[in-house]
Amino acid sequence: MSIPVNPALPDPQPVASPPLRVEPRTRGRKRGVLWTSAFILAALLFVGLDSWLRMGPILLATHNPLAAPLPELAQNSPTGYEGGMRRLILPPMGTDGYQWIMHTQELLQQGGWRIRHTFQDNAPAGREMHWSHFFIWWLLLAGKVHSAITGWPLAASVEAVAPYANTLLLGLFLLASPWPISRRLGAAPACAYTVSLVAVQLFYEFFMVGYPDHHGMVNAACLWCGLLLALGGGGWVAKNSGSESFPAAASRRQARRYFIASGLAGGIALWISAATALPLFAGLGLGAGASFLLVPRGQARPDEAAEFQPGLWRIWGQAGALASLGFYALEYFPNHLGVRLEVNHPLYALALLAGGEMLTRLGQWRAFGVRPWQGRGAVPVVAACAAGLLALPVLIKLDPERFFVVADPFLWKLHSEHILEFKGLIDRLRALGIAAALSVVSVILLVGFFIPDFLRRREVSRVWKTSLLLLFFPG
């Protein structure tokens, strides 16, 4: 059926569609993505150039034409080279890397996926090996890729990739880690964070070419254990998830996710190096306790835009405890269980669980006036938390040579006097000299100088102040 057209009426003109307008928020997000991507690319280019410059002397020392002929590749050799020999020459800072290479090659020789006894030293009996398998497995994975490309024996490929294995981890870390900061706080903090990963010497040095060791990733795990708590508001959540006036506070769901992720990062740090993670947890406990002083006493809703939720700390402790237990099982279950407190152990999981519960109860005391021991069944819970926190130091004090091998007088003297990573910051700065020390600590001193002024300003939200205290103490 056709509709008649009146010839007296003008022909209808097509209606032009209004031009598509990009909302300012969308344009801002796109610019933020572009800026963050540009800074990540610049950081990766810097790492690539720095790695190329550092790899040159390593290759020159390894393939020195004035030295004896290099051993040839051998498929059936435990090292991948004839006669069980090795080629790689690392710089002095990377000497621990030789142990990681040997442990990985020993794992290949013994078979299986874990190694708990090594014959690389203490001949002829050897000794137990309790280093985390994280870096061993990473060397093995990188070596398999290298071996598939080159056709080399896997053991030789492990040695070949070792100088830059940590640097590859930094590249992956650079590609992934700035984005949560960009989504929560914007492009500027994400770009500043990206620069810091390669500009802060105390962090970047553990990822440099020629330093194959586990310190880089345990520092990254510690860093994100604290940063995720700050991104989660440190216990403060926004009352209105759609509010634009309070960008520092996450919603309840977001805060819960950030606290869980922080606990998982803490569990990873414990797995890789408990000795490195312990000062982090002590600092976070101090920072959390100090931040509770920012909560107005006895007020359940002290802020117009955000409210304090101390129960997030319980969630954090539970997530960290589960992660610690999971990685302990991955590392030891079922054949090598024991009480070795110099590495990750279920007692650390218990301490995290107890610490999270105590922080929750202290926060409730400050915010709502409910004392930790008040309420039905509260006294046994508080007593159990105290026992969980005290179990570690009590066992170490009662029998240090059995439960904490490093406490052996000879080993402790060896570690404290001759191994740099066991020395305090002051000793480290003395070894560096004045100029290098100033370049290392200048940012720390700058931040510390502004903290009192930052905390006293009323226009600065409690969320920002809480985040500062949480990060400053472990930092």
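This is a predicted model: local features need pLDDT of at least 70, side-chain atom pairs count only at pLDDT 80 or more; totals for chains, interfaces and linings use all residues.
A residue is called partly exposed when its relative accessible area lies between the limits for buried, under 20%, and exposed, over 50%. E128, at 47%, is therefore partly exposed.

**The whole protein**

Display the entire protein first. Its secondary structure comprises 18 helices and 4 strands. Of its 475 residues, 44% are buried. Among contacts with a separation of 6 or more, 69% join residues 24 or more positions apart. The protein exposes about 25900 Å², of which carbon and sulfur atoms supply 66%.

**First stop: helix α6**

Select residues 187-199, which form helix α6. This helix has 13 residues and reaches 18 Å from its first C-alpha to its last, close to the 18 Å expected at 1.5 Å a residue. Now colour A187, A190, C191, Y193, T194, L197 and V198, the buried residues of α6. Where do these buried residues fall when α6 is seen down its axis? They fall within an arc of 160°, so they line one face of the helix. Then turn to the other side of α6, where A188 and A199 are exposed.

**Second stop: salt bridges**

Side chains of opposite charge can pair when their charged atoms come close. The structure holds 8 salt bridges, and the following selections show some of them.

Begin with D121 and R127, whose side chains meet in a salt bridge with an N to O distance of 2.6 Å. D121 counts as partly exposed, at 25% relative accessibility. R127 is likewise partly exposed, with a relative accessible area of 26%.

Next, select R340 together with E128. Their side chains meet in a salt bridge at 3.4 Å, N to O. R340 lies in the loop between α11 (311-332) and α12 (346-368), whereas E128 belongs to strand β2 (residues 127-128), so the pair ties together parts that are 212 residues apart in sequence. R340 has a relative accessible area of 24% and is partly exposed.

Move on to R314 and E357. How many Å apart are the closest N and O atoms of this salt bridge? They are 2.7 Å apart. R314 lies in helix α11 and E357 in helix α12, so this pair ties together parts that are 43 residues apart in sequence. Is E357 buried or exposed? At 12% relative accessibility, E357 counts as buried, whereas R314, at 27%, counts as partly exposed.

Finally, show the surface and select L362, W365, W373 and V379. These residues form a nonpolar patch on the surface, and together they have about 380 Å² of accessible area. Pick out W365, which is placed in helix α12, the helix that also holds E357 from the previous stop. At 31% relative accessibility, W365 counts as partly exposed.

Notes. Residues are numbered from 1 along each chain as its sequence is written. Side-chain values use heavy atoms; hydrogens and water are left out. Helices (H or I, at least four residues) and strands (E, at least two) are DSSP runs, numbered from the N terminus. The expected span of a helix is 1.5 Å times one less than its number of residues. Buried means under 20% relative accessible area, exposed over 50%, partly exposed in between (1.4 Å probe, protein chains only). The arc is that of the directions from the helix axis to the C-beta atoms. A salt bridge is a side-chain nitrogen of Lys or Arg within 4 Å of a carboxyl oxygen of Asp or Glu. Patches are made of residues with over 30% relative accessible area and no salt bridge: like charges are joined within 9 Å, nonpolar side chains (Val, Leu, Ile, Met, Phe, Trp, Tyr) within 5 Å. Accessible areas come from the Shrake-Rupley method with a 1.4 Å probe; for residues, only the protein chains shown count as cover. Contact means heavy atoms within 4.5 Å.
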